[in-house]
Amino acid sequence: GDLLKVKVNKLTSIKTQLPYSYYSLPFCPPKKIVDSTENLGEVLRGDRIENSPYVFKMRDPQMCTVLCRITLDAKTAKQFKEKIDDEYRVNMILDNLPLVVPIRRSDQDSSTVYQLGYHVGLKGQYSGSKEDRYFIHNHLAFSVKYHRDPQTDSARIVGFQVKPYSIKHEYEGKWNEKSRLTTCDPHNKRTVVSSNTPQEVEAKKEIIFTYDVEYQESDVKWASRWDAYLLMNDDQIHWFSIVNSLMIVLFLSGMVAMIMLRTLYRDISRYNELETQEEAQEETGWKLVHGDVFRPPSNSDLLCVYVGTGVQFLGMVLVTMIFAVFGFLSPSNRGGLMTAMLLLWVFMGIFAGYASARLYKMFKGAEWKKLAFRTACMFPGIVFAIFFVLNAIIWGQKSSGAVPFGTMFALVLMWFGISVPLVFLGGYIGFKKPAIEDPVKTNKIPRQIPEQAWYMNPTFSILIGGILPFGAVFIELFFILTSIWLNQFYYIFGFLFLVFIILLITCAEITIVLCYFQLCSEDYLWWWRSYLTSGSSALYLFLYATFYFFTKLEITKLVSGLLYFGYMLIASYAFFVLTGTIGFYACFWFTRLIYSSVK
């Protein structure tokens, strides 16, 4: 008999990607609309959680309860039609569980899949006519599943489902609060079981909203009530894809390791022998450029900034993943992932400052404050600019996905209040430490680089280098894109962690191999090239996102397309910084290793 309050969340659509708040449509409002407090992640996702007029009593079924009756005018009818046209769904929450519509699969084992939220309405034609009509789902048959505790006889809610129907309700005489519906009357055992006489959406039509609630006892324990939401698709695809990319990567790693060991071991021993035979003038390959290999690159400040940012990003992703693998960021904690990532990003600023300052000092730089400022502002500045433009576009669409001014201010405050000072602190610590020593001395006069073969052309080798890291992650990428853009839960963080480790290894190895070939052909400009080699996988990521847009998504509106590409651009930029830094550090370690082993 306890009261159960249903809350309403945003209206979402896969077709437009623009969320709206529930009461932007003229649904039945409660006496006073109260907004629930949302966390940072929820606000950024566009969640707007409000109270609703639906009130249930625990284990007390209701039939044909009338919510309210509204009469449409031209404006409200148009609003409903637009939302039905764009296939908007209504999301509700009961006891922190999202509302789902169970759909029987017609194929093989007739299993049930759950779709988040019910459609506002549907488009259809009357038999014999050609023109499209719009029908609204105005009768909701809710079903609340509960798990009973045998000792105390109290129950916990473990499921919240709905079957929406469209029905033109009828009643006798004039409408008042006590009118009984003839189309849905519990006393005459008349219930709504189909949408055979649907309720059309037109101006001057009246719509009566009704609902049923039934309660079903369930064997699902409260702790595992989320399983139904998460086990939507087959795990086998994942296992298969992981094993597949693992095999490829292991094979690559084996090959890479073999090449490295044999070449390096043979080369080093041969070079050391050569010197004993006084034939040192016949040296070839990477040994020749030892006097130039640690010459600071052009635009070395910018390289320091990017490496610092990459370290910050790597730290954020690693810690977030570890949290997620241990189950701290389950989907039942709405917006938790987003909040955690933002906070971690801000606090990882100290590592960014440290890494960039260490490298800067090695390049004999002197103005560390200027560098720290650039590290603190460059990447976040670009991302914030894109985000700001996208937000203005969403705001123009009156969508709830637009981040309010207050939240925007909080983000800027986090950036300049926590992140920037931490970057400066890291920079200060890093700059105070003694500079990293080069294993070999650098010549005064730069050596001439001989003519390179076509396949050693920087552009070509950089583009080749990005293929393997992208290949290692791209199947998991498909699932991540699906969960972001098709409103599904992503929860397979164990898999994701594996894939991430594979990505790290692949980036490092491919960069080392290409760097070795480059040094062997006496081209010593490896600093930027090592960063770009693995970083170019971001280009493939963006191309794949474009391919995904045209094959899997049904987005037709310009605004939604801009949103998609804007966010994917930010993601690709972040991916570039992350993979580039891994490649750079791998190469940095590798060159120091081989040049210190050759005397």
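Which side chains meet in a salt bridge at 2.7 Å, N to O? The side chains of Arg-133 and Glu-200 do. A salt bridge here is a side-chain nitrogen of Lys or Arg within 4 Å of a carboxyl oxygen of Asp or Glu. The pair links distant parts of the chain, 67 residues apart. Arg-133 belongs to strand E10 (residues 133-136). Glu-200 sits in the loop between strand E12 (155-165) and strand E13 (206-217). Helices (H or I, at least four residues) and strands (E, at least two) are DSSP runs, numbered from the N terminus.

The model is predicted: local features need pLDDT of at least 70, side-chain atom pairs count only at pLDDT 80 or more, and totals for chains, interfaces and linings use all residues. Residues are numbered from 1 along each chain as its sequence is written, and side-chain values use heavy atoms, with hydrogens and water left out.

The protein has 14 helices and 13 strands. Its C-alpha trace spans about 115 × 60 × 50 Å along the principal axes. Of the 599 residues, 50% are buried. Buried means under 20% relative accessible area, exposed means over 50%, and partly exposed lies in between (1.4 Å probe, protein chains only). The accessible surface comes to about 29900 Å². Carbon and sulfur atoms account for 62% of that surface. Accessible areas come from the Shrake-Rupley method with a 1.4 Å probe; for residues, only the protein chains shown count as cover. Contact means heavy atoms within 4.5 Å. Among contacts between residues at least 6 apart in sequence, 79% join residues at least 24 apart.

A search of the whole structure finds 17 salt bridges. The opening pair is part of a network that links Glu-131, Arg-133, Glu-200 and Lys-205. Arg-133 is partly exposed, because its relative accessibility is 22%. Glu-200 has 5% and therefore counts as buried.

Another salt bridge joins the side chains of Lys-123 and Asp-85, at 3.0 Å from N to O. Lys-123 lies in strand E9 (residues 121-124) and Asp-85 in helix H2, so the pair ties together parts 38 residues apart in sequence. Lys-123 is partly exposed at 42% relative accessibility. Asp-85 is partly exposed at 30%.

Asp-86 lies in the loop between helix H2 (74-85) and strand E4 (89-94). Lys-557 forms a salt bridge with Asp-86, the closest N and O atoms being 3.3 Å apart. Lys-557 lies in the loop between H13 and H14, so this pair ties together parts that are 471 residues apart in sequence. Asp-86 is buried, with a relative accessible area of 16%. Lys-557 is partly exposed, at 34%. Beyond residues up to four places away in sequence, Asp-86 touches Ser-13, Lys-15, Thr-16 and Lys-557.

Helix packing comes next. Helix H12 (residues 527-535) has 7 of its 9 residues buried, so it is largely enclosed by the rest of the structure. Its buried residues are Trp-527, Arg-529, Ser-530, Tyr-531, Thr-533, Ser-534 and Gly-535. They pack against H5, helix H7 (349-362), helix H10 (458-485), helix H11 (493-520), helix H13 (537-552) and H14.

Helix H14 (residues 558-597) holds Phe-575. Phe-575 is buried, at 13% relative accessibility. Its contacts are Val-473, Leu-503, Ser-537, Ala-538 and Leu-541, not counting residues up to four places away in sequence. Phe-575 and Ala-340 are 235 residues apart in sequence, and their C-alpha atoms are 18 Å apart in space.

The axes of H5 and helix H6 (residues 336-347) come within 9 Å and cross at roughly 140 degrees. Axes are lines fitted to C-alpha atoms, for helices over the stretch in contact, and angles run from 0 to 180 degrees between N-to-C directions. From H5, the contact is made by Thr-309, Gln-312, Phe-313, Met-316, Val-319 and Thr-320. From H6, Leu-337, Met-341, Leu-344 and Trp-345 take part.

Helix H5 (residues 300-325) also includes Val-325. Val-325 is partly exposed, at 39% relative accessibility. Together with Ile-322, Phe-323, Phe-326 and Phe-328, Val-325 forms a nonpolar patch on the surface, with about 500 Å² of accessible area. Patches are made of residues with over 30% relative accessible area and no salt bridge: like charges are joined within 9 Å, nonpolar side chains (Val, Leu, Ile, Met, Phe, Trp, Tyr) within 5 Å.
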